[in-house]
Every structure is written in structure tokens, then in C-alpha cells.
Amino acid sequence: MRKLAVLALIAALMVPLCASDFIMDYYAVRITVDDSRSMNIKENYTIEFPEPVHGFIRDIQYRFSDGTNADFELLWASDSVTLEDNGAFYSIRFGSADRFISGGPYAYGIKYNFSLGADRYQDYDEFYYNIVSPEVWNTDIARLAFSVTLPYPVDPERIWLTAGPYGSDADIPFTISEDGCTVSGRYSDLPAGYGVTLRIEMDDGYFDTAVIPFNYARLGLALSLLFSILMVAGTVIIWFVKGRDETLAVPPQFTPPAGLSPLDAGYVANGEIENSAVSSMLIYWADKGYITITDRGGDDFSFQKVSELPEEASAAEHQLFAAFFPSGSSSDAGMLRASGFPARLSAVKKAERERFTGDMDLTSPDSRKLRAFVMNLLILPVILHSFSSTLAMPGFLSVFVLIPSLMAYMMLRSVSSSVEKRIRSHGLKFSYIMSPVFFILFIWFFIVSALQGVPYALIDTTVFMIALFISVLAAAFIDRRSAYADKVLTEVMGYREFIEKVEKDRIEKLSAEDPQFFYHVLSYAMALGVDDKWTKAFSGIYVEPARWYYGPDGTDFFMISAFSRRWGRVYSSSVAPRRSGSGMRTTRGSSGFSGGGFSGGGGRTW
């Protein structure tokens, strides 16, 4: 709740204040357009200030969301001013920080050149401009007067003057001079946030000397796509050349891997301790004579300790044995739940990871260093992508790409290791990547929503997020086995091959030599996931009853195999820990839209 309260407070602080701190009595705009579609603009304002302020700031937008960059040159101001470039706007600051003014009215004026270059339409030319920009003036305008003088006559039927909030197509009247070159109009009591937009359509070639401006948005998109391609290609190539494991030749092995318990064998095969490997240790200990098992039917089992483990057993095995017998020499599922078995198992898993370090490390040290290097290096294309996006997105809007992209990178990096292990062990399943995929979709939706109206935001963000996901996952797969891992994995998988594909005549021979042979292998078969095949292979073969199992239906080896499955279900369901997981809008022949044209920005106090 505290986090939600903080987020709500931040959201409230980000909502712009709508109260007006100045009054616009009069706003006059006179624009002269030449045949290159360049404008000479003169603006005059009469303003009152109800409260003391330092002065007035006129913001003039020169970068637009479709990639257009206008050329701006301030020619004259009615008072001493400071000109600041704020990334997407030029801010012309009237007044002084050393004094306050209030009341009024005060008169201000500026004159500047503003060039958009040629439009991008093949079959006609147009003039499309916001006389008053919508959504940026937070005060009413009592009186508005404007005139636009063009180099050649225009058709009155192809002139649209609209007023209202952004997107409005409500027409308002205008006048045109006798020579057809000057369009003018007046408007009284324009509400705060409303815009006035003039759109004029001409025959192609009207602006005969206009030059199409360079499209920075396309450059930004091209750079972003390039970074995405290089990021994916680089990580995949590094993984393919330096990060992949060599294919092992696995001959069948007829004896368990030397020095490895079923817990160890399962860890080597799967890269983590699975529930089946933990359950298999009960069979392993019983077969070794350390415990006995009583099966009362259904889900009622108990385990009795006969002796302690030998000292040479690993630390993880000792901890697991202690976890199964938390309060004496007997235990059952209820006692395990009450004793906090999941917390104890976490210590077992930690001890098992520590066992396979140093000379027994399963990952090549060079591979681990390379993976960390590549993972760290991936932050570079994230930053470069965010900077390239500034070419397509006006001003501070690039922050809405950089911060979420860094968040996506950090989140993907934090979960990539667990995702990689699960995919290696069980193949690609959507459930394994569901969490990062949904997070990426959330970040994608946030960026696209924040930059709605920016034409390239959807393509740019979609491609980059997909590329980032693939790249981080590819970097996580840079996990080449060590020489020791190659050796021990060959033994484990060779033993699994023997269990899975052993021939009946060999089983008969081995069982004749050792009547308890079935039970010696069963725990490893459970840990390696082939216990059903191992049991099926003994169909029709006599197996001596187990000396450590007491059940209601005797000690038939099929009943012991059934016990292992039932216990595995009880353990997984009730004992084991749960697993967690504004652009230009126009259509030929249509009216203009208020706010749809290029804009001269707004004004504010300071």
C-alpha cells in the first residue's frame, strides 16, 4: 500500500497545473510565406499578470514527431530576451530574474524566420500551420487576429480554417484578399487549450523552390534497427562460436557414476535439483540400509532412520538427510510440512551448488567470464537505441524510451539464468518465458502509449524489445561445460542410456547375480526420469522382495515402484517448495483539423 501511495503521489505531481497565471488580452500573428514555403512571422501580444512574475516565455516548436525539423532564426524582439534551445523548442524569455512585474497590460513582440521546407506529397502542395497551438496555452485568448500572405493566389474552396481542441474539424470564417494571396481572420474569446489551424491546398509546384527537409525520424529508425540487428547478430554469433557445448558421444554405462548419488546425478543432468531427485534419495538410502519405509496405503507413509550416513557423504546429502528427519528417528509427510522442509531444502540446494565448484565446476570459467562480459556489453545498444530515438522523437520524450528500456534490460538479465536452465532441462515452453514476455509487453505498451502520435514509435519499440529479449537470452546460453562436466555428464547420461534401453537378457543375468539389482538402480532411474521404463523392463522377471519396505500388499517390486510415484505426488504437492514465474493528420480534399498542422508552440510565465 505504501508503494501504491507513492506511485499515486508521483502521478499526481506529474499532472500539469491548469490554472492560468497570465491573461492574454490580444494576440496578433502576421505571416509572410515565400515560394520555398519559408515563413517570416511577426507576433504581438498584450498580456496581464495577476500575480508577480519575472516575465513571459514564448516557446516555439521546431522539432516535430514526424521527423520534420524546421529552421528557426530570431530576427527581432521588443525587449531584451534570452534564447534557449530545449531540444524540441526554442524558448524566448522576456524579463529579468532580478525583478518581478505584475498587473499590466504589457506589450511584447517578436519577429522570426521559420522554414519547414517542401511537403512530402507528390500530387499537391499545402500550407498547414497552427496559428494557435492546441493544448499548450493554459489561458483564454480574448482577441486573436491573424493574416497569412502567400506568394501566389490560392483557391478559396481549398482553404480550411478550424478551431477547437486537438482534432476538431469545426470550421470558422476567414477572409481572403482581392488578389487571392492573403488569408486573414479574427476570433474572440478562444478558450484555454483550444487551437486555430489553417490548411491551404495548392497545385503541385506551387512552392517551386522548396526543398524536402532531411527526415531525422527515418535516420533515427534506421539507426535503431541497425543497433537491434547488430545486438542480436553479435550475441548469437558469440554463443554459436564460443558459448555452445560440444556434442557428447555417450556410450552406455552399466554402473552408477563414480562418487555421485542420485541427487548429484540429477543435478548434473538437469542443472538444478528437481523434486524427483530429492524423492529418489529415500530409495537410495533405504537400499543402502540407512532407513526403512512403511507404506500404509494411500498417501500415508512413514520413514524410520536405521543409521546415520557415512562421513564421506556430501554436505548436501547430510543436510537433506537431516531435513527428512528433523526431530528424531522417524518422519512422515505431516512432520516434514510442520518442520519447514522448503527452507531446509534451500540450504541443501545451496550446498549442492557449492559442491560443484572449483575442480568440480560444471561451467567453464572462461565461458562464465565471456557470458558476464556480453551481458554487461548489452547495455551499450540499449543506451545507443535510446539516443538514436531522439532523432525521431521531440526533446525529452526520449526519456520515455531510455528509462523503460533500462528497466527491461535489468529485468531480463535477472531472470535469464533461470529461464536458460529450465529451457535446457525441459525444452522451450511458454510458461518458462511467460514472466519476461509479459514484462516486455508492459514496457512496450508504456513506451508506445507515452509516444502515441510518433509514427516510428511502434516499429522502433517493437523491433528493439524483441531484439533485446533474444539477445539477453542468447547471452544467458553462453554456458559451455567444463572438462570435468563433459566427463561426469558422459557418465550420467551413459547410465541413463543403459537404464532406458537395457535388454531383457542382460537384466535377467544381472538380477541372477544380484537379487537386489532392481533396487540398486531404481533411485537413479527416478532422479533421471526413467523409472517407469526401468520398472517395465522387469516385467515377467522375478525380483527378490526389498528388505527395507513394509507395505499393505507385500513387497512386490511393482508396488515399490507405485509407492515411488505416489510419494513423488505427495512430496511435490504438499511438501516441496512451490515454484514462482502529435503528428500531422491530413487527407487530400478533407478539411483541416485544429492542432493537426505544424505548430508555433505556446507561452508561459516564469
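1. Basis. Local features in this predicted model need pLDDT of at least 70, side-chain atom pairs count only at pLDDT 80 or more, and totals for chains, interfaces and linings use all residues. Residues are numbered from 1 along each chain as its sequence is written, and side-chain values use heavy atoms, leaving out hydrogens and water.

2. Salt bridges overall. The structure holds 18 salt bridges (a side-chain nitrogen of Lys or Arg within 4 Å of a carboxyl oxygen of Asp or Glu). Side chains of opposite charge can pair when their charged atoms come close. Glu 126, Arg 158, Arg 199, Glu 201 and Asp 203 are joined in a network of such bridges.

3. Arg 481 and Asp 245. Their closest N and O atoms are 3.2 Å apart in a salt bridge. This pair links distant parts of the chain, 236 residues apart: Arg 481 is in the loop between helix H12 (457-476) and helix H13 (483-501), and Asp 245 is in the loop between helix H2 (216-243) and helix H3 (262-270). Helices are DSSP runs (H or I, at least four residues), numbered from the N terminus. Arg 481 is buried at 18% relative accessible area, while Asp 245 is partly exposed at 22%. Buried means under 20%, exposed over 50%, and partly exposed in between (1.4 Å probe, protein chains only).

4. Asp 264 and Arg 355. These side chains form a salt bridge (3.2 Å, N to O). Asp 264 lies in helix H3 and Arg 355 in helix H7, so the pair ties together parts 91 residues apart in sequence. Asp 264 is buried, at 2%; Arg 355 is partly exposed, at 23%.

5. Helices H5 and H7. The axes of H5 (residues 315-324) and H7 (residues 341-355) come within 8 Å and cross at roughly 170°. Axes are lines fitted to C-alpha atoms over the stretch in contact, with angles from 0 to 180 degrees between N-to-C directions. The two helices are therefore roughly antiparallel (angles over 145 degrees). Residues that meet there include Leu 320 and Phe 324 in H5, and Leu 345 and Val 348 in H7 (contact: heavy atoms within 4.5 Å).

6. Nonpolar patch. Phe 373, Leu 377, Ile 379, Leu 380 and Leu 384 make a nonpolar surface patch of about 430 Å². Patch residues have over 30% relative accessible area and no salt bridge, with nonpolar side chains (Val, Leu, Ile, Met, Phe, Trp, Tyr) joined within 5 Å and like charges within 9 Å. Helix H9 (379-389) gives the most, three residues. Ile 379, in H9, is partly exposed at 31%.

Technical notes
Accessible areas come from the Shrake-Rupley method with a 1.4 Å probe; for residues, only the protein chains shown count as cover. Angles under 35 degrees count as roughly parallel, over 145 as roughly antiparallel, 65 to 115 as roughly perpendicular and the rest as oblique.
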